[in-house]
Amino acid sequence: MQFIDRVKIKVKAGDGGKGMSSFRREKYVPFGGPSGGDGGKGGDIVFMVDEGKSTLLDLRYNRKVVAPNGVNGKTKKMHGAVGEDAVIKVPLGTIVKDAETGRILADLTRKNQRAIICKGGKGGRGNFRFKTSKNTAPTYAEKGGLGEVKDVEVELKVLADVGLVGYPSVGKSTLLSVVSAAKPEIADYHFTTIQPNLGMVQVPDGRSFVMADLPGLIDGAAQGKGLGHQFLRHIERCRVIIHVVDMGAQDGRDPVQDYANINKELEEYQYRLLERPQVVVANKMDLDDAEANLARFKEAYPDVEIYPTMTALDEGLEPIIYKAADLLEVTPVFPLYDEEEKSEGVLYKYEGDKPPFKVHNLGNGRWKLTGEEIETAFAMATLDTDEGQQRFARKMRVLGVDSALREAGAADGDTIELAEFEFEFVE
Ligand SMILES: Nc1nc2c(ncn2[C@@H]2O[C@H](COP(=O)(O)OP(=O)(O)OP(=O)(O)O)[C@@H](O)[C@H]2O)c(=O)[nH]1
Ligand SMILES: [Mg+2]
């Protein structure tokens with residue numbers, strides 16, 4: 001599940017300090033030689049991976065980053081101090097492009113990776129450097145070099161960190177709408193949400209993460225009921241789950257049972273989603289039976305930490321945001337893609353669990369892929385951003401199908417079944 005977070009910023013490396021022009025003046029040394037020191041180098045603009053970050057939110061508030069200049073050279077051959085590098089910390093998977101040319105300046109895919117995006121200007125040389133046998137008293141000293149300036153586009157293909165899970169109409173979309181700027185559709189009928197919505201959540205202490213509002217689950221989802229597989233698949237990439245339970249128990253539902261049922265579906269699904277850390281939310285505490293239901297819930301699950309909320313009234317959400325951020329810090333980062341897997345585009349792997357995909361060998365190296373879940377597979381990687389849809393429509397390439405056909409020895413007109421395939425988006 002991905003969407004694109006993109007910020008344009010201006011960056012400027014520090015200018016080099018001026019070289020000094022001066023002469024030694026000492027007692028008993030009437031004509032001292034040149035003694036002007038070199039200027040310091042200007043600071044570089046460095047982008048660096050910080051695994052603690054998952055969004056580019058900081059950059060939105062700081063659109064111009066300037067590294068300090070080098071200090072001018074001094075007398076007595078003393079160098080000016082070097083300007084410190086300005087280090088811009090970004091999440092793993094960030095790409096830095098030149099905004100004018102679109103050229104990729106850095107693709108930050110490794111832990112602690114650093115990339116110099118703008119070089120600081122060189123320090124100018126002081127006049128003592130220009131002393132020669134012919135000119136023993138040069139007055140000339142160099143100016144410092146200018147620091148590079150660039151407009152850069154910083155781009156991150158974001159994976160959702162936190163996913164909202166629960167039965168339909170428990171208030172998942174409402175929760176996302178309150179804690180982020182996202183505007184998902186909210187309504188009192190089931191399955192209002194059929195595609196994930198993503199929002200950026202900012203924790204008051206400065207941390208931030210991406211939250212996905214997912215379609216509601218129902219009993220039997222793990223067996224594929226009610227588009228269950230499609231919906232559960234979205235959760236695979238979320239590191240932390242916010243499990244929302246409706247304590248109002250409308251529609252004759254029982255929150256105690258609901259909680260167990262949803263966890264059962266998570267457990268039965270192939271990637272053992274139940275092992276993801278959960279924040280359990282008791283929503284709709286404003287409704288009549290909610291208190292009594294919550295008491296029963298606590299009795300049934302004395303070990304479960306539960307957060308009571310009235311999401312629609314924006315009550316009780318802050319502790320949930322903190323808790324989710326804390327859990328993210330101790331939950332491993334899902335790698336965006338491995339080094340080897342990376343080609344020009346981002347490579348996605350889809351492993352089918354339902355009916356395998358069928359490849360119809362049309363001959364002449366052409367083939368057609370069909371299967372119930374193909375759309376889901378593609379949507380999973382593109383998500384429903386406008387940009388994603390366009391990419392989806394125009395620039396996708398499925399890999400490995402030719403070799404699968406070859407291996408199976410499929411003649412023209414034959415159809416083979418495929419359990420998994422890889423695809424990538426090509427720029
Ligand atoms: N009384 C009350 N109603 C709430 C609260 N939070 C949400 N609701 C209402 O519950 C209904 C469903 O809310 P949604 O946020 O659309 O629920 P959802 O879980 O996203 O539902 P699906 O997308 O269908 O899975 C809406 O009418 C909300 O206004 C709350 O704290 N109290
Ligand atoms: Mg919804």
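This is a predicted model: local features need pLDDT of at least 70, side-chain atom pairs count only at pLDDT 80 or more; totals for chains, interfaces and linings use all residues.
I'll start with the six-stranded sheet. It is open, its pairing is mixed, and the strand order is β10-β11-β9-β12-β13-β14. Which strands stand at the edges? They are β10, residues 197-202, and β14, residues 306-308; each has a single partner strand, so one side of each is left without a neighbour in the sheet. On average, neighbouring strands of this sheet are turned by 25° against each other, direction ignored.

As a reminder, strands of a sheet pair through backbone hydrogen bonds, and they do so either parallel or antiparallel. Strands β9, residues 162-165, and β12, residues 240-246, run parallel and are joined by four bridges. If you want to find one pair on screen, take leucine 164: its bridge partner in β12 is isoleucine 242. Lying across β9 and β12 is helix α4, residues 255-268, which runs at about 150° to β12.

Next, the other sheet. This one is open too, with three strands in the order β4-β2-β7 and mixed pairing. Its edge strands, β4 at 86-90 and β7 at 114-118, each pair on one side only. From one strand to the next, the twist averages 30°. Strand β2, residues 45-49, runs parallel to β4, with five bridges between them. Methionine 48 stands opposite lysine 89 in β4.

Last, ligand 1. How many residues are around ligand 1? There are 23, and Gly171, Ser173, Thr174, Thr193 and Gly216 come nearest. Helix α2, residues 172-179, gives the most to this shell, with three residues. By type, the shell divides into nine nonpolar, 10 polar and four charged residues.

Terms used. Residues are numbered from 1 along each chain as its sequence is written. Chains are lettered from A and ligands numbered from 1 in the order in which they are written. Two strands pair if DSSP finds at least two bridges between them. Helices (H or I, at least four residues) and strands (E, at least two) are DSSP runs, numbered from the N terminus. Axes are lines fitted to C-alpha atoms, for helices over the stretch in contact, and angles run from 0 to 180 degrees between N-to-C directions. Two residues are in contact if their C-beta atoms, placed from the backbone, lie within 7 Å. A residue is near a molecule or strand if its C-beta atom, placed from the backbone, lies within 6 Å of it. Ala, Val, Leu, Ile, Met, Phe, Trp, Tyr, Cys and Pro count as nonpolar, Asp, Glu, Lys and Arg as charged, and the others, Gly among them, as polar.
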